[in-house]
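Welcome! Take a moment to look over the chain and turn the model around before reading on.

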Amino acid sequence: MITQRKTIIPIFNYKLTIVIFDRWEELEGSIPQDKMDTEANAITISAYGASLVAVNSRRGSSIVHEAEHIKNHIWQYIGYTPQRDNDEVDAYLLTYIYDKITQVFYKHKDNKE
């Protein structure tokens, strides 16, 4: 089973597609074929102004890992260089992305029960 949601991260106008899956094979058609060759607990694929994140429903710990990748892609997209001594904006964005993915993750779990 797959649960999917598309959203836009405000301020940055960054598109995010979130996919929670039970089996890697369910991603067939959702991610590029060359990425299907190596099974993973989670994956983030980014292109100009958008990311697709897919997380295995049994690997919730992967969410924060993937959220970090998405945050970095957003910074690259808008041309921002994070500040080492003032990481509040990093922390807020990371939390926002984590929350969005987690909402879909728990909706998927609820739908399975």
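Is Y77 buried, partly exposed or exposed? Y77 is partly exposed, because its relative accessible area is 28% (buried means under 20%, exposed over 50%, partly exposed in between, with a 1.4 Å probe and protein chains only).

## About the model

This is a predicted model, in which local features need pLDDT of at least 70, side-chain atom pairs count only at pLDDT 80 or more, and totals for chains, interfaces and linings use all residues. Residues are numbered from 1 along each chain as its sequence is written, and side-chain values use heavy atoms, leaving out hydrogens and water.

## The sheet

Let's begin with the strands. Four of them, in the order β1-β2-β4-β3, form an open sheet with mixed pairing (strands are DSSP runs of E of at least two residues and helices are runs of H or I of at least four, numbered from the N terminus; two strands pair if DSSP finds at least two bridges between them). β1 and β3 (42–47) stand at the edges with a single partner strand each, so one side of each has no neighbour in the sheet.

Further in, β2 and β4 pair in the parallel sense over 7 bridges. On β4, L52 is the bridge partner of T17.

## The helices

Helix α2 lies across β1, β2, β3 and β4, at about 10° to β3. Helix α3 lies across β1, β2 and β4, running at about 155° to β1 (axes are lines fitted to C-alpha atoms, for helices over the stretch in contact, and angles run from 0 to 180 degrees between N-to-C directions).

## Aromatic rings

The count comes to 6 aromatic pairs (rings of Phe, Tyr and Trp, its six-membered ring, pair if their centres lie within 6.5 Å; planes under 30 degrees apart are stacked, over 60 edge-to-face and the rest tilted). Y14 and Y77 form an edge-to-face pair, at 5.5 Å centre to centre and 65° between the planes. This pair links Y14 in strand β2 with Y77 in helix α2, 63 residues apart. Y14 is buried, with a relative accessible area of 1%.

The rings of F105 and Y106 are also edge-to-face, because their planes stand at 85°, with centres 5.4 Å apart. F105 counts as buried at 5% relative accessibility, while Y106 is partly exposed at 48%.

Terms used. Contact means heavy atoms within 4.5 Å.
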